Amino acid sequence: MNDRDIEERVRQAVEHSVPDVREAILSQCEREGRVTPMSEMETKKKSGWKQFAAIAAVFVVMLGGTGWFLQGNAVDSVIELDVNPSIQLSVNRKERVVEVKGLNDDALVILDGMELEGTDLDVAVNALIGSMLKNGYLSDIQNSILISVDNKDEAKGKELQERLMKEVGELLSASAVDGAVLSQQVNHEDTTAEAAQIAKEYQISAGKAALIEKIAKKDAALNVGDLKDLNIHQLNLLLESRNLDISSDTASAGKASDKSYIGADRAMDIALRDAGLSKSAVTKLETEMDVENGVMTYEVEFKVGGVEYDYEIDAVSGEILQKKKEQDSDRETSGNSGSAEGTTIDKASAQAAALKHAGVAASEAYDMEAKLDRDDGRTVYEIEFKAGSIEYEYEIDAVGGAVLKSESEPID
Amino acid sequence: MLLWCAMAEESADTTEYQAKAKRMAALEEDLLRMAQGDMAALERFYEGTKTAVYGFVLSILKHAHDAEDVMQEVYLQIYSAAGRYRPDGNPMPWVLTIAKNLALMKLRQRKRESQMTAEEAEAFLNSVAWESGVSREDSMVLRSLLLTLSAEELQIVMLHAVAGCRHREIAAMLELPLPTVLSKYRRALKKLKKQWEEGHE
């Protein structure tokens, strides 16, 4: 069976099982037509946001036709709302919306059918938050939002930032969501700033770029390339989990929910179970969230005797993505000075030591590479090989043949 | 083959490529007509895209009835948003993004974990599944898809094999790095191959 066969089989099965909803769709579309987009589909509870949305819709209708907004639409403040949908609102001095821009695909879903130009800023914000709740971008499991304000007058910008933060928090709690709201000031005109470069390169909002830049600056283990693909909620989780303090220029209210993830405790259990160790047997047990190849993970670290363990665990599935075992560097040095002149082993013995440690027969291993290297002032063999679908990496002490470091991860 | 997303590169076969481009142009045309309230266009659009939409929605929800509900919502939304579609020669990423968002919303509403245990999934499938006119063979294929693959693998397989999206497009849609999409796809096909070859001896 080749790939084509498999794909064809999947396709056939799906094609044959598509439910026939044509009539239902046609009759509903005919009945509802293209009405106010906010009130489609959901007709059950009239929750908080829906009332805001209804008010917003009324305003849109009332103001839309009058054309008053043609007057005085010089931009005074630019506000960006980032969740994953990324929306930019430009308002005039009276805080009427002059222009709305959706900055990514998700924003188009949110802005679908809304005509916000000409409405008051707070009405527009109400409608946008309502739509984000309705479309599932904001919920009790994904509750973070970033508000970025750009106004030349810093005091005025600050006042607006605080007001919006409070307003958005209230809108979320009205829909029974404990929001985690971040807010900051940005400057769109400073195109030389690092954040502006990031925004341009990755096509993201200036606000999100500024947040990413702050995080990457605080934590050397996180880089912009990894962070750019995360949504605000994931960024907020990293901020909290890694205790990164950016409060000097970013306000934060509420706590990012980790309900859609397995949680730090569960991640810890998975790692300990894999290592065959109990919590009481280990020291320096630490867990924090991380991002690996765009996937949110829990990084679990602990020590036993002279060995350091380091696990990367998929934050959603709990799958172990990577594990490392390493001799504690303190011990390494003391051990080294103690047994200065052992027997130097050859490459074949080093390979054999690595295979033995991995429990892999020499006949099963492939892509074997071994080279002599210097690491922390000692001579080591760096050995790499694959067996089955696992890739192994070892450091073997060239003097004495001890396993100094072992790593294994799935090849895929 | 219903290769919608795919428009370029793998166009060794020029006729196939042209056929695709033509189909996309027709879908786009229908979207524009839908914006004017043309119901016949909606009907054509539905027929031309339903397999891709259903496969993708199902891969997120792993639940036949929920997928059917969401499918209706998807077309309602497409119909009402048709006026906002910006023609670029390929409406499928737009359509699938709408499908994704509505499916995720449903998932959150139901608070059902996308990763069910094998037993839970089995129970689901047995209780509700594919009773309505789906052949035994097809329902077995679907069952093994849902039980064998992880949520992401399933979505990637549906988007590539059923909706015809390129891996690069899938990466953008699922917000995953391209190498991750590629390796997950390889792994998923390997799993299915193993499962099906063993199951058929």
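Here are legends for several close-up views of this predicted model.

Residues are numbered from 1 along each chain as its sequence is written, while chains are lettered from A and ligands numbered from 1 in the order in which they are written. In this predicted model, local features need pLDDT of at least 70 and side-chain atom pairs count only at pLDDT 80 or more, whereas totals for chains, interfaces and linings use all residues.

**View 1. Chain A in outline.** Let us start with chain A, which has 13 helices and 14 strands (DSSP runs numbered from the N terminus: helices are H or I with at least four residues, strands are E with at least two). Of its 412 residues, 39% are buried, meaning that 20 or more other C-beta atoms, placed from the backbone, lie within 10 Å of the residue's own. Take the contacts (C-beta atoms within 7 Å) between residues of chain A at least 6 apart in sequence: 52% of them join residues at least 24 apart.

**View 2. Where chain B meets chain A.** Here 43 residues of chain A and 49 residues of chain B make up the contact. On the chain B side, the elements giving two or more residues are α2 (39–61), α3 (64–81), α4 (92–110), α6 (136–148), α7 (151–162) and α9 (178–199). That side has 25 nonpolar, twelve polar and twelve charged residues (nonpolar: Ala, Val, Leu, Ile, Met, Phe, Trp, Tyr, Cys and Pro; charged: Asp, Glu, Lys and Arg; polar: the others, Gly among them).

**View 3. Two helices of chain B, side by side.** α2(B) and α4(B) pack at about 35 degrees with their axes 9 Å apart (axes are lines fitted to C-alpha atoms over the stretch in contact, and angles run from 0 to 180 degrees between N-to-C directions). Among the residues that meet are Phe56(B) and Val57(B) of α2(B), and Ala99(B) and Leu107(B) of α4(B). The residues of this contact divide into 13 nonpolar, one polar and two charged.

**View 4. The nonpolar cores.** The largest core holds 141 residues; a core is a set of buried Ala, Val, Leu, Ile, Met, Phe, Trp, Tyr and Cys residues joined through C-beta atoms within 7 Å. Residues with the most contacts inside this core include Ile147(A), Val168(A) and Phe56(B). α2(B) gives the most to the core, with twelve residues. Look also for a second, separate core of 15 residues, which includes Ala353(A) and Tyr392(A).

**View 5. Helix α8 of chain B and its end.** In α8(B), residues 167–174, the buried residues include Ile170(B) and Met173(B).

Conventions. Buried ≥ 20, exposed ≤ 12 C-beta atoms within 10 Å, placed from the backbone. Contact = placed C-beta atoms within 7 Å.
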